[in-house]
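Me: I've got this one open on my screen. Can you walk me through how it packs?

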Amino acid sequence: MSSSSARPAWGDILLTALAPLIWGSTYIVTSELLPPDRPFTAALIRVLPAGLLLLLLMRRLPARRDWGRVLILSALNIGVFQALLFVAAYRLPGGLAAVVGAIQPLLVMGLAWGVEGRRPARLALGASVLGVAGMGVLLLSPRTVWEPIGIAAALGGTACMAAGTYLTRRWKPDLPVLALTGWQLLLGGLMLAPVAWLADAPLPALSLQQVLAYAYLCLAGALLAYALWFRGIARLSPVAVSSLGLLSPLMAVVLGWALLGQAMTGWSMLGLLLVLASVLAVQWASARPATKS
């Protein structure tokens, strides 16, 4: 294999990175623009219309043997994850919720080790630990309020996303990326519908700003971002993809600083640089096994 092929596919990495960058805006959109205390409704509106649009475009059914796996992936990647994501987004500052999510690459490595016996590369493991440390330096402070339900939701959502990322790559359902994305969004939305109906208050009359916020979460945050994310899972290693998720908290912090006037100290900048270094190191480390083929 040529030396060039030993390097990460940076075009694929950059496209995949757009997904967590978009998701990083979820926290500020939720806290500043959406009607309060309706997390399951927000999750439902985000994913169900996007799934319908993609399936109307693709018109492709999963193979009979893949239905069970697609249902499980829909629950992990969409239904349960989105529900817990919005619970955390309503209850925690965006940065704090994302600190918990920084452990996702470590969870993916643990799954690969436990299920397949594949030990994580030392560089990838060290870089992931560095990313968690960087998020801690970036966001944790003595003034941080640890809201128990929000923290539990963030932990549960992180575990679901890690398992969904790993299993999506391992199972590889026989569907084009857009069709797989559409089915997961649709089925995940159908799982969310009864929860939103029973647990959330009815929506009030929406302002134009709130309608546009829901449309952004649906079209950019679900349809576009998940299509890019699942494309990346198909082309990159699960650890490489999950490490890109660290860009989501970075975006949340930058938006909080730029739009809400949240403080960025010298320690915060150090944490940001550590996280970026972690992401780049994991991408490089995850590509190294390709040199032996």
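Reply: Axes here are lines fitted to C-alpha atoms, for helices over the stretch in contact, with angles from 0 to 180 degrees between N-to-C directions. Helices (H or I, at least four residues) and strands (E, at least two) are DSSP runs, numbered from the N terminus.

Me: What kind of model is it, and how are residues numbered?

Reply: It is a predicted model, where local features need pLDDT of at least 70, side-chain atom pairs count only at pLDDT 80 or more, and totals for chains, interfaces and linings use all residues. Residues are numbered from 1 along each chain as its sequence is written, and side-chain values use heavy atoms, with hydrogens and water left out.

Me: Is the crossing of α8 and α10 left-handed or right-handed?

Reply: The α8 and α10 crossing is right-handed. The rule: left-handed if the near helix is turned anticlockwise from the far one by less than a right angle, right-handed if clockwise.

Me: Which residues in α8 and α10 meet?

Reply: From α8, Met161, Thr165, Thr168 and Arg169. From α10, Tyr226, Trp229, Phe230, Ile233, Ala234 and Arg235. Contact means heavy atoms within 4.5 Å. The residues of this α8 with α10 contact divide into 6 nonpolar, 2 polar and 2 charged. Ala, Val, Leu, Ile, Met, Phe, Trp, Tyr, Cys and Pro count as nonpolar, Asp, Glu, Lys and Arg as charged, and the others, Gly among them, as polar.

Me: And how do α4 and α8 sit relative to each other?

Reply: Their axes come within 8 Å and cross at roughly 155 degrees, so α4 and α8 are roughly antiparallel. The crossing of α4 and α8 is left-handed. Residues of that α4 with α8 contact divide into 16 nonpolar, 7 polar and 2 charged.

Me: What about α2 with α4?

Reply: The axes of α2 (residues 26-33) and α4 (residues 67-91) come within 9 Å and cross at roughly 60 degrees. That makes α2 and α4 oblique to each other. Their crossing is right-handed. Thr26, Tyr27 and Thr30 in α2 meet Leu85, Phe86, Ala89 and Tyr90 in α4. The contact of α2 with α4 divides into 5 nonpolar, 2 polar and no charged residues.

Me: Zooming out, how many helices and strands does the protein chain have?

Reply: The protein chain has 13 helices and 0 strands. Of its 293 residues, 51% are buried. Buried means under 20% relative accessible area, exposed over 50%, partly exposed in between (1.4 Å probe, protein chains only). Among contacts between residues at least 6 apart in sequence, 91% join residues at least 24 apart.

Me: Serine 74, buried or exposed?

Reply: Buried, because its relative accessibility is 0%. Serine 74 is in helix α4. Leaving aside neighbours within four places in sequence, serine 74 is in contact with Gly79, Trp183, Gln184, Leu187, Gly188 and Met191.

Me: Now the ends of α8. Where does proline 148 fall, buried or exposed?

Reply: Proline 148 is in α8 and is exposed, at 61% relative accessible area.

Me: What does arginine 170 touch?

Reply: Val115 and Glu116, not counting residues up to four places away in sequence. Arginine 170 is also in α8, and at 43% relative accessibility it is partly exposed.

Me: Which loop holds lysine 172?

Reply: The one between α8 and α9 (177-199). Lysine 172 has a positive phi of about 50 degrees although it is not a glycine. Most residues other than glycine have a negative phi. At 56% relative accessibility, lysine 172 is exposed.

Me: And where is arginine 59 found?

Reply: In the loop between α3 (39-58) and α4. Arginine 59 has a positive phi of about 50 degrees and is not a glycine. Arginine 59 counts as exposed, at 69% relative accessibility.

Methods:
Angles under 35 degrees count as roughly parallel, over 145 as roughly antiparallel, 65 to 115 as roughly perpendicular and the rest as oblique.
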